[in-house]
Amino acid sequence: KLNNGQIELTEALVSGLGVQLGLTGKASVPERKLDMRAIARQAGPHGANGPQLMLDIRGNWDDPQIVFDKESLIRRSDAAAPLLRALDKLPSLSAPRAP
């Protein structure tokens with residue numbers, strides 16, 4: 001959608017050799033600012049089938065900040081993923097009661 005120089009992406013898909021990029025978010029043409037969420041996926045001849053990476057793209061068009069979703073990176077890691085699964089199985093701890 002484009003309204004008064006404001007762009008709203010509800011669903012955009014960019015495909016290239018070996019990758020698909022899904023985008024949602026907003027951009028301001030007059031302010032030249034971005035506020036978008038992207039999901040990049042490895043893609044083969046039959047579509048997206050590999051790991052995915054989530055990131056945010058924010059700031060000025062001339063110098064955007066790309067912020068990676070740390071949790072999605074950790075879940076992809078062969079070393080860290082088992083630790084996260086172990087933490088999910090731990091019982092939640094409650095704060096000690098005052099006397």
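**Reading a strand residue and its surroundings**

Analyst: Leaving aside neighbours within four places in sequence, D56 is in contact with M36, R37, Q65, I66 and V67; contact means heavy atoms within 4.5 Å. This is a predicted model, in which local features need pLDDT of at least 70, side-chain atom pairs count only at pLDDT 80 or more, and totals for chains, interfaces and linings use all residues. Residues are numbered from 1 along each chain as its sequence is written, and side-chain values use heavy atoms, with hydrogens and water left out.

User: In which strand is D56 placed?

Analyst: Helices (H or I, at least four residues) and strands (E, at least two) are DSSP runs, numbered from the N terminus. D56 lies in strand β5.

User: Why does D56 count as buried?

Analyst: Buried means under 20% relative accessible area, exposed over 50%, and partly exposed in between (1.4 Å probe, protein chains only). D56 counts as buried because its relative accessibility is 13%.

User: Which side chain does the side chain of D56 join through a polar contact?

Analyst: A polar contact is a pair of N or O atoms within 3.5 Å; within protein, one must be able to donate a hydrogen and the other to accept it, and residues adjacent in sequence count only if both atoms are side-chain atoms. Here the side chain of D56 is joined to that of R58 at 3.0 Å.

User: Which residues make up the largest nonpolar core?

Analyst: A nonpolar core is a set of buried Ala, Val, Leu, Ile, Met, Phe, Trp, Tyr and Cys residues joined through side-chain atoms within 4.5 Å. The largest one has 8 residues: L23, A27, L34, M36, A38, L53, L55 and I57. Not counting residues up to four places away in sequence, M36 touches several residues, including L9, A27, L55 and D56.

User: How many bridges link β2 and β3?

Analyst: Two strands pair if DSSP finds at least two bridges between them. β2 and β3 pair in the antiparallel sense over 9 bridges, with G16 opposite V19 in β3. Their hairpin has 2 residues between the strands, and G18 takes a positive phi near 85° there.

User: Which strand pairs with β1?

Analyst: Strand β1 (residues 2–3) pairs with β2 (residues 6–16) in the antiparallel sense over 2 bridges. L2 has I7 in β2 as its bridge partner.
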